[in-house]
Protein chains: 2
Amino acid sequence: MSERTEIGEIGEFGLIGRISEMAHLANKTTIKGIGDDAAVIDNGDDYLIFSTDALVENVHFDLGYVPLRHLGYKAMAVNFSDMAAMNGQPKQVVVALGLSNRFSVEAVEELYEGMRLACEKYGVDLVGGDTTTSRSGLFISVTVLGKVAKDKVAFRKGAAEKELLCVTGDLGAAFMGLQVLEREKQVFQANPEMQPDLEGKDYIIQRQLKPEPRLDVIQELARLGVTPTSMIDISDGLASEILHLCKASGLGARIYEEKLPIDRTTYEVAREFNLDPITIQLNGGEDYELLFTMPQSDYDKLRNHPDISVIGYMEAPGTQAMMVTKQGNEVPLQAQGWKHF
Amino acid sequence: MSERTEIGEIGEFGLIGRISEMAHLANKTTIKGIGDDAAVIDNGDDYLIFSTDALVENVHFDLGYVPLRHLGYKAMAVNFSDMAAMNGQPKQVVVALGLSNRFSVEAVEELYEGMRLACEKYGVDLVGGDTTTSRSGLFISVTVLGKVAKDKVAFRKGAAEKELLCVTGDLGAAFMGLQVLEREKQVFQANPEMQPDLEGKDYIIQRQLKPEPRLDVIQELARLGVTPTSMIDISDGLASEILHLCKASGLGARIYEEKLPIDRTTYEVAREFNLDPITIQLNGGEDYELLFTMPQSDYDKLRNHPDISVIGYMEAPGTQAMMVTKQGNEVPLQAQGWKHF
């Protein structure tokens, strides 16, 4: 080929854009193809939702400090989170595994034990897989199949101007957990007799190693009678996900720094690392919380909810996504997120 | 961990066995989990079928002689073949891709162009994916979702004693195609000015590089009014697949060497390589033909069919799977297949 464009030049989202232009949809049951948290397939009474996510060694995880059981759990959790992002429930899952010969049968069983725990907790069946050799590291490719009622499905698009932007849980903890684990790994490499200093950091380490999909929030929203008008899960960082919702709905947004939820440990460890907590909240990634919009008329249903924060609202078409700082300045949101390429 | 069992000791099938013992099924819609060509999920009027298969560089393919477009096509074809093996049709597919930075955007587009061609040919929608970095080679993990009528589904189990064993197409061609490609690669590496000598070998090379799922046979069987009582696709070699059917149905089998279909090119190239053609037919692998059983009463429907061969029949429980040679000797079938570990 005469032309050579590096993937880094167009980025992962650019590559997905090119691929989705090539995808040709023939089945009229396909409601939504590439470009949301999951594909949506008409199934008569309800929709099927269908999504895949791969974890690759030394790209997404480091076996130097990630226990295999946690890794198996996380591989499931990040996929279940895509089902939550459609306002649906995961039902069945298949796993393709690439293993090098440094993995023993017992190690593979540890990995599957973590998968089994996540499946059991969330009522999902592990129904199939493929196990192959990999010449180098481990990869885990998970595909999940779920369901959502037709009148409840939430896409990335669908938000309207002035609707409220809401986020679940707190932000930035998983990223700070990763920083702590990386630091302790380096300390250990320098001096293998040092014990890791993880005291008081359980919460952020747990958020990194064993994230939970917010399927509890999906049930809670149903109970409260709130159907998100648009939704996405926060895997690449809040800023990046807000920009996705804005682009999909053709709107701008305005969020308030003071409204962004953060756990005290995340805040303190960020300061310890000389990092600005707001940067971590906006761009940390791997939170697997949910970001969604809802009409203002639903505000009373969620007001004072301990696990859901209203962080701003959607703005008119043609405006940017902005954050109002605690000082009252307005700064445009930028997607930093995870760039693996 | 104190215990360490090498995966090679128990093999891929042993590993799958251990994993499937761990899998806990909670949803009553899950009809069949791990252990068939696809999982089967009750979907009201019909069954969903759901399967995953990964291709890994330097394990399943060598980019030294596999064009990316063919590779994309093959990644789809082997997955569609799993749907055929359930007597069903593929409908939607998702792809997780691990790419190292030696791949350009144009290379990825070539790969997707092959996927698109296969999807278009077989009426399947590419509805989603995940694209990540890989630290080393390329991997392609494909998951396919399909449908099958409840009264048509074919499992690996279900065969009865005295039923006929049938195979589609011919056997061993893909394996001989691979031998030719490997030989020409070595010739080229020894002397880069040598042109590859592939003349007259188009058929076997095509069978290796661009296999077709036998979805045409599925339609043909429906037209003829034949519903297989058990079925599997031939990915690891005929002998291995016969043993799978025997084990699943708790039966033995008897096949006849003289009945096994072979293409003339496969036969001639096998002799050229000093290989016994029957070994290639039994253990070659990657044929992606279908092996199925049917009642003797259906024999007239398939008699003289140009693309389906009756190769033997199922034997009583407790007997072995045997082949009767052209000389009239009986030899037990052994699974050699592909052992990547």
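Student: In what order do the seven strands of the open sheet in chain A stand?
Tutor: The model is a predicted one. In chain A the open sheet of seven strands has mixed pairing. Its order is β8-β10-β7-β11-β9-β12-β13.

Student: Which strands of chain A stand at the edges of this sheet?
Tutor: An edge strand here has a single partner strand, so one side of it is left without a neighbour in the sheet. Neighbouring strands of the sheet are turned by 25° against each other on average, direction ignored. The strands at the edges in chain A are β8 (230–233) and β13 (330–332).

Student: Which residue of β10(A) stands opposite A:Asp233?
Tutor: β8(A) and strand β10 (residues 290–294) of chain A run antiparallel and are joined by four bridges. Within β10(A), the residue opposite A:Asp233 is A:Leu290.

Student: What angle does the direction of helix α7 of chain A make with that of β8(A)?
Tutor: Helix α7 (residues 238–249) of chain A packs on the sheet. There it touches β7, β8, β9, β10, β11 and β12 (321–324) of chain A. Its direction and that of β8(A) make an angle of about 150°.

Student: Which residue is the bridge partner of A:Arg254 in β11(A)?
Tutor: Strand β11 (residues 308–315) of chain A pairs in the antiparallel sense with strand β7 (residues 164–168) of chain A over five bridges, and A:Thr168 stands opposite A:Ile308 there. Strand β9 (residues 252–256) of chain A also pairs with β11(A) in the antiparallel sense, over four bridges. In β11(A), A:Arg254 has as its bridge partner A:Tyr313.

Student: Which helix gives the most to the side of domain 1 of chain A that touches domain 2 of chain A?
Tutor: Chain A is divided into domain 1 (7–149) and domain 2 (164–332), with 22 Å between their centres, taken over C-alpha atoms. The contact takes 17 residues from domain 1 of chain A and 17 residues from domain 2 of chain A. On the domain 1 side there are nine nonpolar, five polar and three charged residues. The helix that gives the most to that side, with 10 residues, is α2 (residues 68–85) of chain A.

Student: How many residues of each class are on the side of chain A that touches chain B?
Tutor: The contact between the chains takes 73 residues from chain A and 73 residues from chain B. Elements of chain A that each supply at least two residues of its side include α1 (7–22), β3 (46–56) and α3 (105–122). By class, that side has 31 nonpolar, 27 polar and 15 charged residues.

Student: As by what kind of axis are the two copies related?
Tutor: Chain A can be laid on chain B with an RMSD of 0.0 Å by a turn of 180° and a shift of 0.0 Å along the axis. The copies are thus related as by a two-fold rotation axis.

Student: Why can the copies be said to meet through the same surface?
Tutor: The test is whether interface residues of chain A are also interface residues in chain B. The copies meet through the same surface because the share for which this holds is 100%.

Student: Which residue of β5(B) is the bridge partner of B:Val95?
Tutor: Seven of the nine residues of strand β5 (residues 125–133) of chain B are buried, so this strand is largely enclosed by the rest of the structure. Strand β4 (residues 89–99) of chain B pairs with β5(B) in the parallel sense over eight bridges. In β5(B), the partner of B:Val95 is B:Gly129.

Student: Which helices do the buried residues of α5(B) pack against?
Tutor: Helix α5 (residues 202–209) of chain B has as its buried residues B:Ile204, B:Ile205, B:Arg207, B:Gln208 and B:Leu209. In chain B, these residues pack against α2, α4 (173–190) and α8 (264–272).

Note on methods
Residues are numbered from 1 along each chain as its sequence is written. Chains are lettered from A and ligands numbered from 1 in the order in which they are written. This is a predicted model: local features need pLDDT of at least 70, side-chain atom pairs count only at pLDDT 80 or more; totals for chains, interfaces and linings use all residues. Domain bounds come from an automatic or database domain assignment. Two residues are in contact if their C-beta atoms, placed from the backbone, lie within 7 Å. Ala, Val, Leu, Ile, Met, Phe, Trp, Tyr, Cys and Pro count as nonpolar, Asp, Glu, Lys and Arg as charged, and the others, Gly among them, as polar. Copies are superposed by least squares on the C-alpha atoms of residues with pLDDT of at least 70 in both. A residue is buried if 20 or more other C-beta atoms lie within 10 Å of its own, exposed if 12 or fewer, and partly exposed in between; C-beta atoms are placed from the backbone. Two strands pair if DSSP finds at least two bridges between them. Axes are lines fitted to C-alpha atoms, for helices over the stretch in contact, and angles run from 0 to 180 degrees between N-to-C directions.
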